[in-house]
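Thank you all for coming.

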Amino acid sequence: MSTAILTGQPVPGSSIEGDLRSLGFEVRIAADTPEAETLLAQVPADRRVAVVDAAFVGHLHALRLGLTDPRFPLAAVPGAVTAQPAGRQALTRAMARENTDGGGGTSLAVDSLADRIAAALDADGAEPHRPELGALVAAVPADPQARNEARQAVAAVDDEAVRLKSAVKARDGFFTTFCISPYSRYLARWCARRGLTPNQVTTASLLTALIAAGCAATGTRGGFVAAGVLLIASFVLDCTDGQLARYSLQYSTLGAWLDATFDRAKEYAYYAGLALGAARGGDDVWALALGAMVLQTCRHVVDFSFTEANHDATANTSPTAALSDRLDSVGWTVWLRRMIVLPIGERWAMIAVLTAATTPRVTLYVLLAGCALAACYTTAGRLLRSVTRRATRTDRAAQALADLADTGPLVALCARFARGVPRHSAAYLALSGGALVAASAVLWGGGWQTVVCAVAYVLLSAAAVARPLKGPLDWLVPPFFRAAEYGTVLALAARADVNGALPAAFGLVAAVAYHHYDTVYRIRGGAGAPPAYLVRAIGGQEGRTLLVAVLAALLTAVQFKVALTVLAVLVAALVLTESIRFWVRAHQGGAPALHDEGEPA
């Protein structure tokens, strides 16, 4: 249980003790600074501890935001300051300073110890997080008149209405904002009042989507209609889990990972369900399903790479970015631009409606066209920003891009001989190599020409990453590598022209894509890339591409299908085992809680 040290003279009629207990705090009373310091020392080091002024007047949700958010080691609102175990030492030092220099032993009825501690933390450079309270009230009135005015301000604002509104993601898509969030926030509150956690709702969303995929796999009109309805229901739950996390401040490292990875699992499982359903009707759309997964994954890699390359760059401005900011000030352009990029809400709504009303082939054709348009729009904008800005990228950004590139031992070996390649050419080398190997797979299938081109791709990949990726367009290197690897697998499986090759390729690309998404989430969480032994074990992107090309050349079509299946199982087993071990250990080890807003819904 967390501990709250209530300081100063009690105020008759104050609800502060009850409010703190309702937030899960054990309340202890300190009349002066020395007693507060003594009580602080008695609180176990693994507990959250808060120092709160007994004269505090404000909304319960203001206290909740200031004292219970697990993402920040230190946080404060007027009249209250809190520390998790990671911030405990800083809080203890600030308290000791106040006891030594602040006239310890004097009454705290007017001068708030909590506010003095927060100021001392600022002076020490600890800088506690101060949440945006908006219309919420949090104050320590200096006299009865000010207290009365503060209480009137509290009564004038509906605490629960503010809490519900803040549960909705600040930046969301049109469909989610106007068709889902108006009622899903109430579902989030219902879940909170029944003790449900965001992770449980996330799991329910996954199960619902998997059932939807199963319905689509039946290949019947009734199954398609049910699949569309269940996909929307799954998306409602997907919105609810994040809103529940914001409503109840239940953020966690494990929850952020589950939310992000389950979104991809749901969407790609549904593509597979559509392909299975079409096959029952005599239509083979596995190539379209795999193409949709490849395109969507490459879109996300573009997003991730661009963000990692530029989020901490200096002189990070451009005329294109300035124009974008001006457009965001015009209401209708904001919604239009959010819809053009086809975020997950619009995308799932489109898929659900088309599944229920048309066929899997039509659904996947429209999905591919929409995602291609969105990819062209977003990539063009980022290219313009990159060529018009003069940003200086950091070593951290270069390392993140290198991690996202996912190169293995072959590139590491060849890169030793490619140090003289000009730095600015990395994106062009990656594009050239990727286009070469993918085009050869389309033209010659499993011929030795493709193997030769795959060897050339390995060499060009090594040249691309031989120097730090700090060029203006070097953020394109990871997306080009993804497109090359996934596209080659797709083309070779399609050219094999044997039943089951494309589903096997779908499984392999899904396993590798999971590894690439997992890399992104680790980088975002500050943990860096997956361990080097895992990257070596699964070959790196260039090793897998070369291996698939060699297998296609050496084996018969049926044997190639079996090899793809075995490779998919091995990669999935390795990356899932390591990923689950890492995230569970991070969660159990008390890693800082995260809440990744992720792709706009």
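This is a predicted model: local features need pLDDT of at least 70, side-chain atom pairs count only at pLDDT 80 or more; totals for chains, interfaces and linings use all residues.

Residues are numbered from 1 along each chain as its sequence is written, and side-chain values use heavy atoms, with hydrogens and water left out.

Searching the whole structure gives 13 aromatic pairs, where rings of Phe, Tyr and Trp (its six-membered ring) pair if their centres lie within 6.5 Å, and planes under 30 degrees apart count as stacked, over 60 as edge-to-face and the rest as tilted. One of them joins Phe-174 and Trp-335, whose ring centres are 6.0 Å apart with planes at 80°, so this pair is edge-to-face. It connects distant parts of the chain, since Phe-174 belongs to helix H8 (residues 174–193) and Trp-335 to helix H14 (residues 331–340), 161 residues apart; helices here are DSSP runs (H or I, at least four residues), numbered from the N terminus. Phe-174 is partly exposed at 32% relative accessible area, and Trp-335 is partly exposed at 24%, on a scale where buried means under 20%, exposed over 50% and partly exposed in between (1.4 Å probe, protein chains only). Ring pairs also bring in Phe-178, which forms a cluster with Phe-174 and Trp-335.

Tyr-268 and Tyr-271 make a tilted pair, 5.7 Å centre to centre with 40° between the planes. Both lie in helix H11 (residues 253–280), and because they are 3 residues apart, about one helical turn separates them. Tyr-268 is buried at 7% relative accessibility, and Tyr-271 is buried at 0%.

Finally, Arg-163 lies over the face of Tyr-247, 3.7 Å from the ring centre, where a charge sits over a ring if NZ of Lys or CZ of Arg is within 6 Å of the ring centre and within 35 degrees of the ring normal.

Technical notes: Helices (H or I, at least four residues) and strands (E, at least two) are DSSP runs, numbered from the N terminus.
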